[in-house]
Amino acid sequence: MTYFNRRRFMTGMGALVGALLTAGIMSAPSMAADFPTAKVNTTKLAVTDKTVKVGILHSATGTMAISETGSIQAEKLAIAQINAMGGVLGRKIEVIQEDGASDWPTFAEKSKKLLVNDKVATVFGCWTSASRKAALPVFEKENGLLFYPTFYEGLEQSKNVFYTGQEATQQILAGLDWIAKEKKAKTFYLIGSDYIWPRTSMKIARKHIEQHLGGKVVGEEYIALGDTQFGSVINKIKLKKPDVIYAAVVGGSNVAWFKQLNAAGLNSSKQTMLTISVTEDEVLGIGGENLAGFYSAMKYFQSQKNPSNEKFVAEFKKMWGPKSVIGDVTQAAYLGPWLWKAAVERAGSFDVDKVAAALPGYEFKDAPEGYVKVDANHHLWSKLRIGKWRTDGQADVVFESELIAPDPFPKGYQ
Amino acid sequence: MFDYSMAEIGNIVVMQGFSGISLFSVLLLMALGLAVIFGQMGVINMAHGEFMALGAYTTVLFSQVAVSYDIVSYYFIFAIVAAFIVAFIVGYLVEYGLIRHLYKRPLDTLLATWGLSLIMQQTFRSIFGAKEVSATLPDWLLGSFQPTPDIDIPINGVFVLVLAAVVTVGVYIFMFRSRWGLRMRATVQNRIMAGAVGINTKKVDRVTFALGCGIAGVAGAAFTTIASTGPTTGSLYIVDSFMVVVFGGAASLLGTIASAFGIAQAQSILQFFMTSSMGKVATLMVIVGILMMRPEGLFASKLRK
């Protein structure tokens, strides 16, 4: 650890003057010397004159590895790009990667290791709500910083966490409005896996359908995680004949659900379905032919056409192979390092409190998904998009909402 | 229920009936391999699900080759045979390398095979990646058969049903109508006597274990038509498999069939009238209740202990 001293201060000042001179000529990226370590790091984080350590904490093994691998890849890509541009405050980012192993207590343990032993400046990580809930007390106690990428059920806000995915109302309300208007849907069948995210989401969806859309929920069903038998549920749906199936089934069940739905004759020509749990990642397992014609409500689709997304997709494939796909959460994870960099530069410091205070209000104008803004409640303003799946596993974006404010504690929906 | 016409209710009854039979065939196929290993040898094979995943991945590999040679219509039958062979060989090696050292320590086999299942999961993840993959299915396996415009019978369900029937008959013939089966049953009933009359009991153990694994491979191949293939796919099936075998009575093939049928019908009907999770809970409660009264399962084995 380097401490402030007179000599360092003088060299620092000299470099600062020099940098100011050159900045006028070639607007060079910020140099480490402009920001002496002692000044940008008053809380003894792992920041040196040349480097800054950050943590990545996802499941690389276990059940959740299926989902979390994309997030790890996106975060590493963003960090590599930031380093290629000269790093953050002139310091290269060094990654310490820990494996949460799909086990929630392990997430808490590894968070503690990253924050206490490694003194990382920030952590990009967690995926399931359960892992975030396990790690949250550690981040609050040790005053760490966490960038969390997954769309989730809301009902949470912490000064130590930034949520780069959508909270429930951002994902649900506009999507239901669209399908009710577009398909003149009146009756809805809600189906989800049996844990907190689908249950909270369906609660919000039901209230919105009944109170704001004048529709009717004709069935609500939760499937045990990992269950792969949908015969009885599908027959119930056939009997009720809902205008729309609204689905939040996850994991291995998701694949079985779509395969069996198609095998039972309920394909997209006979049944409208809007799901909030299928991204490009899931399509790999489900198979495009089983999904074609169904709709997903997400904030990001790989097929979005804008220059920064095209660049993002190209560089992601360059780094992780031409067959890799990018889902909603992967893109949200990609935002994490960029938002952190912006916050550090706005704060002129790596100190967690200063960084957390500097980020709200920041506008990320050319994110791959488009314009996003960080709200005072640490969530992002973002748009909702509806994608219609094609057989090749990509989606056509058929609807784009206005920018939606994050509202993690929605009134009237709890 | 009075909102619906008689015709609608009739259609649902037909489809619901098939859904119960379809679940029965799935459970049976899952449990058969385990019934052979656990029932005949008393080995608790926690890696049973991973042998299914092995069969499923074999099918996926075959489908990738088939797609590149444009022979998708035919490959599936060969994939099933290959899944059996691959799982059989791996099972054979596992018995040789691991299980045979632990016959006298049944609880240790539980730990050892659980460890094996973790190793196999991580191996799948390293080779095939963490993401789930799916086999490209031939057209004749997709969609549904419609006897009337309002009744859909899923073709993949029919396929699994036929396959379950074929495998069950095959296991029956093997166990009760072949020399191998005779030796196997002799070994189960009295290992020392079987050895004394010249049966190579070690070889019998090896083939029995490998056969159980091979059947698991076939089940895994069949399940690519209805569900996903990922490194942890196997763990989805292991609980149901054990439930069927234990409920049926460990050493009885007939018990396994009866138990799969009973569980499937109960679950399918209860899930229709209750919610899906509650249906499952209710089924488990019934099973626990019956097992309390009949600890040996539905069909207790009659051999002297």
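**Close-up views of the predicted two-chain model**

View 1. Helix α5(B) runs over residues 155–176, and its 22 residues reach 31 Å from the first C-alpha to the last, close to the 32 Å expected at 1.5 Å a residue. Buried in α5(B) are B:N156, B:G157, B:F159, B:V160, B:A164, B:V167 and B:V171. These residues lie on the same side of α5(B), because they cover an arc of only 150 degrees around the axis. The face of α5(B) that is turned away from this buried side carries the exposed residues B:V162, B:V166, B:V169, B:I173 and B:F176. The cover over the buried residues of α5(B) comes from both chains: it includes α9 of chain A, together with α1, β2 (153–154), α8 (201–223) and α10 (253–273) of chain B.

**View 2. The contact between chain A and chain B.** This contact takes 33 residues from chain A and 37 residues from chain B. On the side of chain A that touches chain B, at least two residues each are supplied by α3, β7 (216–223), α8 (231–240), α9 (251–263) and α10 (280–286) of chain A, and the largest share, seven residues, comes from α8(A). By class, this side of chain A has 13 nonpolar, 14 polar and six charged residues.

**View 3. A:I223, a buried strand residue in contact with both chains.** A:I223 lies in strand β7 of chain A and counts as buried, because it has 26 C-beta neighbours inside 10 Å, where 20 or more are required. With neighbours within four places in sequence left aside, A:I223 is in contact with A:S193, A:D194, A:V249 and A:S253, and, across the chain boundary, with B:S276. A:A46, by contrast, is 177 residues from A:I223 in sequence and 45 Å from A:I223 in space, C-alpha to C-alpha.

**View 4. The two domains of chain A and the contact between them.** Chain A is divided into domain 1, made of 6–165 + 306–378, and domain 2, made of 168–298 + 385–404. The C-alpha centres of these two domains of chain A lie 33 Å apart, and the contact between them takes 14 residues from domain 1 and 14 residues from domain 2. On the side of domain 1 of chain A that touches domain 2, the elements giving two or more residues are α3 (65–84) and α13 (328–347) of chain A. The residues of that side of domain 1 divide into seven nonpolar, five polar and two charged.

**View 5. Two loop residues of chain A with positive phi.** A:C126 is not a glycine, yet its phi is positive, at about 65 degrees; this residue is found in the loop between β3 (123–125) and α5 (129–141) of chain A. A:C126 counts as buried, because it has 30 C-beta neighbours inside 10 Å. A:L155, also a residue other than glycine, has a positive phi near 60 degrees, and its place is in the loop between β4 (146–148) and β5 (161–163) of chain A. With 15 C-beta neighbours inside 10 Å, A:L155 counts as partly exposed.

**View 6. B:L54 and its surroundings in chain B.** B:L54 lies in helix α2 of chain B, residues 48–69, and is buried, with 25 other C-beta atoms within 10 Å. Apart from neighbours within four places in sequence, B:L54 is in contact with B:V86, B:A87 and B:V90, as well as with B:G217 and B:G220. The C-alpha atoms of B:L54 and B:T233 are separated by 9.8 Å, although the two residues are 179 residues apart along the chain.

Conventions: Residues numbered from 1 in each chain as written. Chains lettered and ligands numbered in written order. Predicted model: local features only at pLDDT ≥ 70, side-chain atom pairs only at ≥ 80, totals over all residues. Domains from an automatic or database assignment. Contact = placed C-beta atoms within 7 Å. Helix = DSSP H or I, 4+ residues; strand = E, 2+ residues; numbered from the N terminus. Nonpolar A, V, L, I, M, F, W, Y, C, P; charged D, E, K, R; others polar. Expected span 1.5 Å × (residues − 1). Buried ≥ 20, exposed ≤ 12 C-beta atoms within 10 Å, placed from the backbone. Arc of directions from axis to C-beta.
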